[in-house]
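Have a look at it first, then read on.

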Amino acid sequence: MMNLIEAAQAIKSGQVSLGIELGSTRIKAVLVAQDFQTIASGSYVWENQLEDGVWTYPIDAVWTGIQASYMQMAAEVQSKYHEPITTIKSIGVSAMMHGYLAFSKDDQLLVPFRTWRNNITEQAADELTEQFNFNIPQRWSIAHLYQAILNDEAHVSQVAFMTTLAGYVHWQLSGEKVLGIGDASGVFPIDPQTGSYDARLVTQFDQIKRVQQQPWQLADILPTVLPAGHTAGQLTPAGAQLLDPSGNLMAGSLMAPPEGDAGTGMVGTNSVRKRTGNISVGTSAFSMVVLDQPLKQVHRDIDMVMTPDGSPVAMVHTNNCSSDINAWANLFNEFAARLGVSLAPDRLYETLFLEATHADQDAGGLINYSYLSGENVTKMPAGRPLFVRQPHSHFNLPNFIQTQLYAAFAPLKIGMDILVKEEQIKTDVMIAQGGLFKTPVVGQQVLANALNTPITVMSNAGEGGPWGMAVLAMFAADNNGQTLDDFLDHNVFTNPESMTLSPEAAGVAGYQTFIEAYQAGLPIESAAIAAIKDEK
Ligand SMILES: Nc1ncnc2c1ncn2[C@@H]1O[C@H](COP(=O)(O)OP(=O)(O)O)[C@@H](O)[C@H]1O
Ligand SMILES: O=C(CO)[C@@H](O)[C@@H](O)COP(=O)(O)O
């Protein structure tokens with residue numbers, strides 16, 4: 001580990017890499033030294049909005065958030081090391097995947113950003129899955145494009161370029177219209193042999209009658225696909241100004257292929273090798289296993305994505321994980337404020353999560369449906385968060401918080417059971433990362449019990465994504481021809497700090513009781529969606 005003087009020297013000579021990640025609730029910037037240690041970080045809280053039935057973020061907020069995170073990180077560098085950041089060796093951008101950002105030939109955004117969280121592309125996703133004999137989830141970018149075509153949306157004929165959020169930011173910083181292969185795999189299916197979009201499926205798409213009527217062909221409007229380790233352009237002067245309006249940062253940094261947060265999660269947990277598994281836990285929850293053989297069949301609940309170096313990955317993805325925890329945490333925070341108690345966010349979460357350690361194993365018979373938005377695994381088209389209890393349920397604070405944690409992982413548990421039962425895909429251990437692990441042990445133990453699998457959490461778990469992106473940026477700058485898995489094993493994770501928790505029998509049994517009640521009660525959620533209309 002570098003001392004203060006060595007770190008200051010690294011900053012001065014530009015021997016540092018920057019990873020930026022735009023997650024659903026936090027934009028993060030992490031500056032990493034060449035020994036892979038984090039030197040400084042910054043973050044910015046943002047929140048998606050449901051506007052006219054579409055989950056979105058204003059595009060300006062992307063830049064407000066990136067600049068605020070960068071500025072906070074640069075301020076930390078200045079105060080700790082007394083150096084401004086002027087040169088950065090390599091930079092990588094990662095973000096929530098999928099969704100729809102479509103631009104005209106004059107680079108104008110044609111419709112507000114449609115994020116991964118939307119459940120508005122059912123018809124397109126169903127038709128494409130059938131045509132391609134390949135699972136196309138609703139959040140895939142191609143489902144959004146095709147649904148816009150099916151909807152006869154006027155903007156579609158003007159589309160000159162479509163990309164993901166990471167691809168958009170990368171384009172603005174470097175001028176390059178490219179995507180890392182992992183992020184690209186959430187846009188359109190990838191052919192593992194060619195490392196690019198599946199040419200046969202691209203032709204099939206172009207031949208659909210309503211697509212033929214468009215003035216473009218799919219290949220004209222998609223970004224170019226690049227694997228990890230390749231150079232994906234340089235930070236331009238305009239890009240440097242966009243990232244750091246103070247003007248300290250100079251252009252010229254090498255840019256790595258932009259990736260999705262699935263790929264950076266795999267890198268951050270050293271899980272790109274075949275038969276390794278990892279889980280990302282934040283606004284959404286998704287588990288990923290790198291495959292050593294193709295799946296037996298197409299499943300609507302198992303998504304096929306790629307590692308950043310192009311190996312197929314089976315993913316179980318759930319739209320809802322931590323949003324409802326946040327809603328309740330905010331409520332408790334308001335109450336604390338009324339009592340004159342001001343709590344820093346980490347203290348708030350820690351205090352609440354620690355309550356769960358006194359809970360009944362079955363969470364006292366309480367049930368929660370944490371569906372802020374629709375949920376693919378349980379086939380809910382929209383979200384109506386619900387808390388349900390019986391007159392005799394054991395309703396107290398520990399059980400309430402336990403229920404929130406149990407419910408956050410419930411769709412993932414249901415989806416993982418499909419992966420295990422139908423495809424017999426199971427790893428010996430899963431490595432988890434995400435903001436929920438910023439409070440140690442509690443969420444990790446619940447996840448281990450829920451999935452009945454040992455869960456490892458690394459010391460970087462709270463910032464695993466942006467750190468993973470910085471590592472990819474270093475891999476792009478300096479890899480000596482190594483493969484990504486060897487680079488991670490031999491250079492990066494030589495002495496990882498991690499903790500593994502195994503499932504506890506009583507907790508596993510308690511979670512099983514909870515999940516049975518949860519599944520039995522799912523019609524309540526359906527009824528709420530039908531009965532309580534969204535007034536927006
Ligand atoms: N100190 C904490 N302890 C436990 N959970 C936390 C803490 N701080 C934040 N969280 C949870 O982590 C979530 C953010 O995780 P993150 O991985 O950054 O997700 P995303 O990419 O969806 O923004 C928050 O929404 C919150 O639920
Ligand atoms: O859809 C995917 C991965 O397939 C994610 O990008 C999306 O769920 C967003 O993740 P976060 O909840 O922001 O970590």
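1. Start with serine 24: one of its polar side-chain atoms sits 2.6 Å from an oxygen atom of ligand 2. Keep in mind that this is a predicted model. Aspartate 261 also has a polar side-chain atom 2.6 Å from a ligand 2 oxygen, and for arginine 139 a side-chain N or O atom is 2.9 Å from an oxygen atom of the ligand. On its own, ligand 2 exposes 380 Å², and the protein buries 95% of that.

2. Who else is around the ligand? There are 13 residues around ligand 2, and the nearest are Ser24, His98, Asp261, Ser284 and His317. By class, that shell has five nonpolar, six polar and two charged residues.

3. I get two cavities of 30 Å³ or more. The largest has a volume of about 70 Å³, and its lining includes Trp328, Phe332, Tyr349, Phe353 and Gln404. Helices H12 (323-338), H13 (345-355) and H14 (397-408) are the elements that each give two or more residues to this lining. H12 gives the most, with four. The lining is nine nonpolar residues and one polar, with no charged ones.

4. The second largest cavity comes in at about 40 Å³. Among the residues lining it are Gly180, Pro227, Glu259, Pro308 and Met469.

Methods:
Residues are numbered from 1 along each chain as its sequence is written. Chains are lettered from A and ligands numbered from 1 in the order in which they are written. This is a predicted model: local features need pLDDT of at least 70, side-chain atom pairs count only at pLDDT 80 or more; totals for chains, interfaces and linings use all residues. Side-chain values use heavy atoms; hydrogens and water are left out. On a 1 Å grid over the protein atoms alone, a cavity is a set of points where a 1.4 Å probe fits but cannot get out, and a pocket is an open set with protein on both sides within 12 Å along at least five of seven lines; lining residues have an atom within 4 Å of a point. Grid points are joined across faces, edges and corners, and a volume is the space filled by probe spheres set on the points. Ala, Val, Leu, Ile, Met, Phe, Trp, Tyr, Cys and Pro count as nonpolar, Asp, Glu, Lys and Arg as charged, and the others, Gly among them, as polar. A residue is near a molecule or strand if one of its heavy atoms lies within 4 Å of it. A polar contact is a pair of N or O atoms within 3.5 Å; within protein, one must be able to donate a hydrogen and the other to accept it, and residues adjacent in sequence count only if both atoms are side-chain atoms. Accessible areas come from the Shrake-Rupley method with a 1.4 Å probe; for residues, only the protein chains shown count as cover.
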